[in-house]
Amino acid sequence: MTPSEASETAAGAPPAPPSALGVGMVGYAFMGAAHSQGWRTVGHVFDLPVRPTLAAICGRDATAVRAAADRHGWAAAETDWRALVARDDVQIVDICTPGDSHAEIALAALAAGKHVLCEKPLANSVAEAEEMVRAAEEAAGRGQVAMVGFNYRRVPAISYARKLIESGRLGELRHVRVTYLQDWLVDPEAPLTWRLRKEHAGSGALGDLGAHIVDLAQFLAGEPLVGVSALVETFVKERPLPGGAAAGLSADTRADGGRGAVTVDDAAVFTGRLASGALATFEATRMAAGRKNALRLEINGERGSLAFDLERLNELSFHDHTEPAPSSGFRRILVTEPEHPYLEAWWPAGHALGYEHTFVHQARDLVEAIATGTGPVPTFADGLQVQRVLAAVEDSAAKNAVYTPVPQPTD
Ligand SMILES: NC(=O)c1ccc[n+]([C@@H]2O[C@H](COP(=O)([O-])OP(=O)(O)OC[C@H]3O[C@@H](n4cnc5c(N)ncnc54)[C@H](O)[C@@H]3O)[C@@H](O)[C@H]2O)c1
């Protein structure tokens with residue numbers, strides 16, 4: 001968006017859709033591949049005011065990033081993210097790197113007049129996240145948008161669950177119960193990737209998986225957590241230093257054959273209180289043998305309940321407690337009807353969607369927000385709120401589960 005278009009927006013007139021929307025993506029491994037699919041597909045499935053183009057991708061190794069560009073369909077490759085941010089054909093900077101680089105790249109991109117999509121968790125600390133929010137708010141005045149990549153909000157069943165809660169079908173909420181269980185660290189010989197080092201990841205299962213479920217709990221309930229009581233544990237204290245790419249989750253390329261200290265949590269369990277007084281429970285672990293990507297939630301309200309399992313992501317369980325008891329009970333809603341969120345553009349009812357579609361939906365929502373001049377959600381402020389919860393969890397755990405308030409935006 002040009003400065004003149006931005007000032008029109010500030011004056012209240014709807015902006016003209018941008019004539020071009022080039023994406024520049026930093027990082028090309030797990031999330032890089034997933035976001036590439038989203039950007040490649042979105043303009044072919046949804047009717048958009050402007051189709052994004054895959055302008056340039058960035059990594060640090062010239063050969064590897066060129067190969068990634070060819071594989072995923074990017075026009076150009078850069079080896080320095082600053083060069084990517086400076087490109088005239090890049091209007092959106094998409095950050096798919098570990099948390100220690102999110103703040104620096106996002107701040108530079110916003111200062112350069114770009115829109116920003118940043119993977120979760122927003123940052124590695126509350127202080128970084130606060131700075132990012134300040135920059136995003138200033139940039140919003142210039143017509144730029146900034147969004148954090150909590151893609152699970154874009155599972156149609158989750159989005160539909162929010163609509164049911166918002167319309168009062170559950171009444172006043174009593175319980176929000178969420179777990180996110182994986183098992184790729186059960187093996188004590190699993191390598192010490194960046195995800196196990198505080199200086200890169202900020203925290204362990206907490207920031208990786210816990211960030212998602214905290215965001216989902218607050219998104220679905222429509223209210224923030226105001227306090228938590230937590231325990232965290234690192235079960236395996238030392239691991240082999242990595243010697244190359246570990247399956248699915250890329251590793252460092254150092255190969256010195258030694259072992260190093262794990263400096264983040266393997267698991268976090270915590271309880272929390274939502275602003276309305278509803279109680280929440282959370283469990284995030286990469287040590288749950290047999291559980292691959294088990295994000296499960298159940299919400300109980302005075303009028304009914306909802307349950308969801310990411311491993312069956314086209315389904316939502318709903319119990320309407322206002323129905324006569326003899327015939328009531330949980331029923332399965334197959335969330336594939338054209339009336340369900342995002343489904344109008346996909347397949348006939350019953351032809352299921354998967355994990356990768358959430359990234360297409362994320363791209364759709366960001367492009368729509370840019371074209372219409374509306375703020376996209378989740379905002380950087382939403383990312384900061386999650387960061388505050390993560391920090392409160394760590395503070396509480398350090399005091400052996402003492403109840404710890406979560407600072408609110410008005411505090
Ligand atoms: N939304 C989700 O479901 C989800 C899932 C996994 C990871 N994530 C988040 O995505 C981010 C990336 O995770 P990942 O799983 O893709 O990690 P990854 O290890 O698979 O990939 C990281 C990429 O960043 C690149 N990189 C690192 N530092 C860089 C720098 N300074 N300049 C350029 N490139 C750099 C690496 O070369 C690699 O390509 C993290 O914030 C993570 O928490 C989100």
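Colleague: Let's begin with A20: is this residue buried or exposed?
Modeller: This is a predicted model, where local features need pLDDT of at least 70, side-chain atom pairs count only at pLDDT 80 or more, and totals for chains, interfaces and linings use all residues. Numbering starts from 1 along each chain, as its sequence is written. A residue is called buried if 20 or more other C-beta atoms (placed from the backbone) lie within 10 Å of its own, exposed if 12 or fewer, and partly exposed in between. A20 has 12 C-beta neighbours inside 10 Å, so A20 counts as exposed.

Colleague: What distance separates the C-alpha atoms of A20 and Q91?
Modeller: A20 sits in the loop between α1 (3–10) and β1. Helices (H or I, at least four residues) and strands (E, at least two) are DSSP runs, numbered from the N terminus. A20 and Q91 are 71 residues apart along the chain, and their C-alpha atoms are separated by 8.0 Å.

Colleague: And W194, how does that residue count?
Modeller: W194 belongs to the loop between β7 (173–181) and α8 (198–201). Its C-alpha lies 9.9 Å from that of V262, 68 residues apart in sequence. With 17 C-beta neighbours inside 10 Å, W194 counts as partly exposed.

Colleague: Stepping back, what radius of gyration does the protein have, and what does the globule rule give for 411 residues?
Modeller: The protein has eleven helices and 17 strands. Its radius of gyration (over C-alpha atoms) can be set against the globule rule, which is 2.2 Å times the number of residues to the power 0.38. The protein is as compact as a globular protein of that length, because its 21 Å is close to the rule's 22 Å.

Colleague: Into which domains is the protein divided?
Modeller: The bounds come from an automatic or database domain assignment. The centres of the two domains, taken over C-alpha atoms, are 25 Å apart. They are domain 1 (3–152) and domain 2 (156–312 + 314–349 + 386–405).

Colleague: How many residues does the contact take from domain 1 and from domain 2?
Modeller: Two residues are in contact if their C-beta atoms, placed from the backbone, lie within 7 Å. On the side of domain 1 that touches domain 2, α2 and α6 each supply at least two residues. The contact takes 17 residues from domain 1 and from domain 2, 22 residues.

Colleague: Where does the ligand lie relative to the domains?
Modeller: Of the 23 residues around the ligand, G27, A29, F30, M31 and E119 come nearest. Helix α2 (residues 30–45) gives the most to this shell, with three residues. Since both domain 1 and domain 2 give residues to the shell, the ligand lies between them.

Colleague: By class, what makes up that shell around the ligand?
Modeller: Ala, Val, Leu, Ile, Met, Phe, Trp, Tyr, Cys and Pro count as nonpolar, Asp, Glu, Lys and Arg as charged, and the others, Gly among them, as polar. On that basis, the shell has ten nonpolar, nine polar and four charged residues.

Colleague: Last one: is Y342, with its positive phi, buried or exposed?
Modeller: Y342 is not a glycine, yet has a positive phi of about 70°. The residue is in the loop between β16 (331–334) and α10. With 21 C-beta neighbours inside 10 Å, Y342 counts as buried.

Key:
A residue is near a molecule or strand if its C-beta atom, placed from the backbone, lies within 6 Å of it.
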